[in-house]
Amino acid sequence: VGEFQTFQQVGEFQTFQHYFKRINLRMENYPAIEEVDDLDLISDEELEETYLERIAGLKEMFPSPVRTGTSYICGATKPSSLWLYHFLRDAIWITTTSAIILALPLAIEVTQIQAADDLKKARNEKLFEAKA
């Protein structure tokens with residue numbers, strides 16, 4: 001067997017890199033061993049995957065805390081949005097009705113005073129024109 005022992009036979013080395021350094025071989029000089037998966041044997045045209053299957057496949061990609069946090073945020077989004085909607089709706093209603101109740105009578109009174117002043121000015125102009 002000599003220089004090319006298997007990794008299991010070399011118990012004193014911790015990784016393949018240590019083993020290759022020990023026997024003065026560089027890993028770059030050897031082509032990488034490619035694992036062949038069953039899906040690699042099927043052509044891309046034959047593989048049809050739904051979006052749900054793709055999302056389910058992402059489950060393996062992210063660690064559990066990330067998935068749990070994302071689930072919590074997505075679950076909290078709907079109730080938070082509904083609460084914000086109801087709060088803004090109530091706030092707008094209160095503001096609008098308060099403005100109408102408080103400001104509308106004042107606005108009507110101001111326009112009546114302006115109309116009375118305009119009428120008084122017009123009457124005074126007619127009186128002073130007749131005397132002149």
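**Figure 1. Overall fold of the chain.** Read from one end of the sequence to the other, the chain follows the pattern α-α-α. This predicted model has three helices and zero strands. Of the 132 residues in the chain, 5% are buried. The chain exposes about 12800 Å², and carbon and sulfur atoms supply 62% of that area.

**Figure 2. Confidence of the prediction along the chain.** The average pLDDT of the chain is 78, and 64% of the residues score at least 70. Confidence is highest in helix α3 (residues 64–131), at a mean of 93, and lowest in helix α1 (residues 16–22), at a mean of 54. Over residues 1–13 the pLDDT is below 50. Beyond near neighbours in sequence, the stretch of residues 1–13 has 16 contacts in the model.

**Figure 3. The aromatic pair of Trp83 and Phe87.** The count of aromatic pairs comes to one. Trp83 and Phe87 form this pair, which is stacked, with 5.3 Å from centre to centre and 10° between the planes. Both Trp83 and Phe87 lie in helix α3. Four residues, about one turn of the helix, separate Trp83 from Phe87. Trp83 has a relative accessible area of 57% and is therefore exposed. Phe87, at 46% relative accessibility, counts as partly exposed.

**Figure 4. The salt bridge between Asp90 and Arg89.** Side chains of opposite charge can pair when their charged atoms come close. One salt bridge is found in a search of the whole structure. The salt bridge joins Asp90 and Arg89, whose closest N and O atoms are 3.9 Å apart. The cut-off for such a bridge is within 4 Å. Asp90 has a relative accessible area of 40%, so Asp90 is partly exposed. Arg89 also counts as partly exposed, at 43% relative accessibility.

**Figure 5. A nonpolar surface patch.** Ile55, Leu58, Met61, Phe62 and Val66 make a nonpolar surface patch of about 480 Å². Among these residues, Ile55 is found in helix α2 (residues 51–58). Ile55 counts as exposed because its relative accessibility is 56%, and the cut-off for exposed residues is over 50%.

Key: Residues numbered from 1 in each chain as written. Predicted model: local features only at pLDDT ≥ 70, side-chain atom pairs only at ≥ 80, totals over all residues. Heavy atoms only, no water. Salt bridge = Lys/Arg side-chain N within 4 Å of Asp/Glu carboxyl O. Buried < 20%, exposed > 50% of the residue type's maximum accessible area, 1.4 Å probe, protein only. pLDDT = per-residue confidence, 0-100. Helix = DSSP H or I, 4+ residues; strand = E, 2+ residues; numbered from the N terminus. Contact = heavy atoms within 4.5 Å. Phe/Tyr/Trp six-rings, centres within 6.5 Å; stacked < 30°, edge-to-face > 60°. Patch = residues over 30% accessible without salt bridge, like charges linked within 9 Å, V, L, I, M, F, W, Y side chains within 5 Å. Areas by Shrake-Rupley, 256 points an atom, 1.4 Å probe, with all protein chains shown as cover.
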